[in-house]
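Let us read this model together, one feature at a time. Keep the sequence and the 3D view open.

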Amino acid sequence: MIEPALVFVENLAFVSALRNSTLAYPLINAGHILGVALLIGGIVPLDLRLLGLWRRYPVMVFVDVLRVTSAFGLGLAVVCGSLLFATAAVDYAGSMLFRVKMVVVLLGVSNALLLARVLKRRDIRSLPMGASMPLPLRAGALMSLVFWMSALTLGRLLGYF
């Protein structure tokens, strides 16, 4: 039932043009990689700070800057990734690696939204410099690292299997 829709997407004129382009496809792929780099590059330092590294720096400095970087990266990765998906939608939808990657990305985004809510509820600004983060934040940061590193690994494996 979904396969005809995926074939329809693959056969759209702009998707066919993208798939056959010697310039556009690599640029979209580079955009996806840049988005992933911004996403992971923002999330990892923030998670590591929540886990206890760089305690002499206020956590909110990390949150304020890296949240925006990560959100922009996620948006870019989703837009470019959707275009890449469209070029071989039937194959990607049939790939267990791709489906697991999408579940892991959704778990990562859900975890990030939950962490953001916990950060808003708790008065992190009042913690003394060098204090450990509350357990829910540390647990969320650890889960975040697992989710995003898994998504990154699964995405790379898609190119080979």
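Q: Is Tyr-57 buried, partly exposed or exposed?

A: Buried means under 20% relative accessible area, exposed means over 50%, and partly exposed lies in between (1.4 Å probe, protein chains only). Tyr-57 counts as partly exposed because its relative accessibility is 39%. A word on the source: this is a predicted model, where local features need pLDDT of at least 70, side-chain atom pairs count only at pLDDT 80 or more, and totals for chains, interfaces and linings use all residues. Residues are numbered from 1 along each chain as its sequence is written, and side-chain values use heavy atoms, with hydrogens and water left out.

Q: Where does Tyr-57 lie?

A: Helices are DSSP runs of H or I with at least four residues, strands are runs of E with at least two, and both are numbered from the N terminus. Tyr-57 sits in the loop between α3 (24-51) and α4 (59-87). Trp-54 is found in the loop between α3 and α4 too. Trp-54 counts as partly exposed because its relative accessibility is 38%.

Q: Which residues make the nonpolar surface patch?

A: Patches are made of residues with over 30% relative accessible area and no salt bridge; like charges are joined within 9 Å, and nonpolar side chains (Val, Leu, Ile, Met, Phe, Trp, Tyr) within 5 Å. Accessible areas come from the Shrake-Rupley method with a 1.4 Å probe, and for residues only the protein chains shown count as cover. Here, Leu-53, Trp-54 and Tyr-57 make a nonpolar patch of about 290 Å².

Q: How many helices and strands does the protein chain have?

A: The protein chain has seven helices and zero strands. Read from the N terminus, the order is α-α-α-α-α-α-α. The C-alpha atoms fill a box of roughly 60 × 30 × 25 Å, taken along the principal axes. Of the 161 residues in the protein chain, 34% are buried.

Q: How far apart are the end C-alpha atoms of α4?

A: The expected span of a helix is 1.5 Å times one less than its number of residues. The 29 residues of α4 should therefore span 42 Å, and the end C-alpha atoms are 41 Å apart, which agrees. A bend is read as the angle between axes fitted to the seven residues ending at a residue and the seven starting there. In α4 the bend is about 30°, at Leu-66.

Q: Which side chains meet in a salt bridge?

A: A salt bridge is a side-chain nitrogen of Lys or Arg within 4 Å of a carboxyl oxygen of Asp or Glu. The structure holds one. It joins Arg-67 and Asp-64, at 3.8 Å from N to O.

Q: Why are Arg-67 and Asp-64 separated by about one helical turn?

A: An α-helix has 3.6 residues a turn, so residues three or four places apart point the same way. Arg-67 and Asp-64 are three residues apart in helix α4, so about one helical turn separates them. Arg-67 is partly exposed, with a relative accessible area of 44%. Asp-64 is partly exposed as well, at 35%.

Q: Where does UniProt place the feature "transmembrane region"?

A: UniProt positions are given in the numbering used here, feature names are shortened, and annotations may be inferred rather than shown by experiment. The unreviewed UniProt entry places this feature at residues 23-44, 65-90, 96-116 and 137-158. Residues 23-44 are 95% helix and 0% strand, with end C-alpha atoms 31 Å apart. Residues 96-116 are 100% helix and 0% strand, with end C-alpha atoms 30 Å apart.

Q: How far apart in space are Leu-152 and Val-104?

A: Compare separation along the chain with separation in space. Leu-152 and Val-104 are 48 residues apart in sequence and 9.7 Å apart in space, C-alpha to C-alpha. Leu-152 is found in helix α7 (residues 135-158). For Asn-20 and Thr-87, 67 residues apart along the chain, the C-alpha separation is 9.2 Å. Asn-20 is in helix α2 and counts as exposed, at 60% relative accessibility.

Q: Is Leu-137 buried or exposed?

A: Leu-137 counts as buried because its relative accessibility is 0%. Leu-137 is found in helix α7.
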